[in-house]
Amino acid sequence: NWTTTNVVEEQVAAIRAQVGDKRAICGLSGGVDSAVAAALVQKAVGSQLTCVYVDHGLMRKGETEQVEKDFVAATGAKLKVVDAEKRFLDALAGVSDPEEKRKIIGREFIRVFEQAQLEILQEEGPEVAFLVQGTLYPDVVESGGGTGTANIKSHHNVGGLPDDIEFQLVEPLRQLFKDEVRMVGQELGLPEEIVQRQPFPGPGLGIRIVGDVTKDRLDLLREADAIAREELTAAGLDRDIWQCPVVLLADVRSVGVQGDGRTYGHPIVLRPVSSEDAMTADWSRLPYETLAKISTRITNEVADVNRVVLDVTSKPPGTIEWE
Ligand code: XMP
């Protein structure tokens, strides 16, 4: 029978059997999935695990600090932080096709991990043979790996892996849905801020800019996203919505009037959704006052943005992310 205790015990045993006395590395994304996967592996093989956090420059405001502080405090795991912003931005320069972006980000992730592996090898000796990933059941299904359904998006942690990958994968969450992952996280003693965290995609803000990805656009989107999150939290809506992608339409401009005159700026899209498992979703009926506050603040505080629009599409037909 399904209990979180059983899941933890089973997975810990399976991880011990798979990893043996080898070493594993786990990429932390700041999200609940990778954190719970890492905590499971940490429980199973302890110091044989090294966590790697790749700061790819596509993170939201404050995210890196949260991983460095909260996760390490909760698990005692070894953490190596790699600053790879320039590398990712160089690789993404001029690329606007969503699948292309996902492939590039997935590929660079693996490259950075391979480099981290070499460094860990030099520092610690024994071979790093396993890569821990927080792949969930819906990721497996949507990438065509589970039931043979068509490949909808190549999620960077499944279909976007390059062919010459050098690691064997450890995917302890492969059979779980998000709510189950949260329960397992709780069972493992992870703090509330991590366990109740709303989902955020591995490719980060890179797939929330419609158009090519630049540092300026990322900074702009980071500001808008931080405002939306702040106001949603202040309104007590975090538990009501599954997640709220904030999207920059970098290739779209519209006319506005701000301050002394005419502007020609970009729209920001709010995409609040409610969902059970991300396979389907409905758009969240947020209170008008909250939407008004977010809209006013974003247009006042974020340069180059003169319009905020609300996405009222369910999934299907729209996916949750815009890319
Ligand atoms: P879509 O856009 O396919 O998103 O409706 C479903 C859920 O998956 C998240 N998502 C990702 N998560 N790597 C991830 O770890 C990815 O490449 C990725 N793409 C989408 C998305 O935020 C939503 O929760």
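The C-alpha centres of domain 1 and domain 2 lie 28 Å apart, where domain 1 covers 4-195 and domain 2 covers 208-310, bounds that come from an automatic or database domain assignment. The contact between them takes 12 residues from domain 1 and 11 residues from domain 2, two residues being in contact if their C-beta atoms, placed from the backbone, lie within 7 Å. The model is a predicted one, in which local features need pLDDT of at least 70 and side-chain atom pairs count only at pLDDT 80 or more, while totals for chains, interfaces and linings use all residues. Residues are numbered from 1 along each chain as its sequence is written.

The largest nonpolar core has 71 residues, and those with the most contacts inside it are A24, C26, V36, A38, V41 and A224. Because both domain 1 (4-195) and domain 2 (208-310) give residues to this core, it lies between them. Such a core is a set of buried Ala, Val, Leu, Ile, Met, Phe, Trp, Tyr and Cys residues joined through C-beta atoms within 7 Å; a residue is buried if 20 or more other C-beta atoms lie within 10 Å of its own, exposed if 12 or fewer, and partly exposed in between. Leaving aside its neighbours within four places in sequence, V41 is in contact with I15, A24, C26, L49, V132, V170 and P172.

Helix α9 (residues 215-234) and helix α10 (residues 288-301) pack at an angle of about 150°, with their axes 9 Å apart, the axes being lines fitted to C-alpha atoms over the stretch in contact, and angles running from 0 to 180 degrees between N-to-C directions. This angle makes α9 roughly antiparallel to α10, a term for angles over 145 degrees. Where the two helices meet, E223, A224, I227, A228, E231 and L232 come from α9, and T290, K293, I294, R297, I298 and E301 from α10. Helices (H or I, at least four residues) and strands (E, at least two) are DSSP runs, numbered from the N terminus.

Most residues other than glycine have a negative phi, and most peptide bonds are trans. A278, in the loop between β10 (273-274) and β11 (282-283), has a positive phi near 75° and is buried, with 20 other C-beta atoms within 10 Å. D304, in the loop between α10 and β12, has a positive phi near 80°, but counts as partly exposed, with 15 C-beta neighbours inside 10 Å. In the segment after β12 (305-310), where P316 is found, a cis peptide bond joins K315 and P316, with omega about -10°, and the bond from P316 to P317 is also cis, with omega near 10°.

Methods
Parallel < 35°, antiparallel > 145°, perpendicular 65-115°, else oblique.
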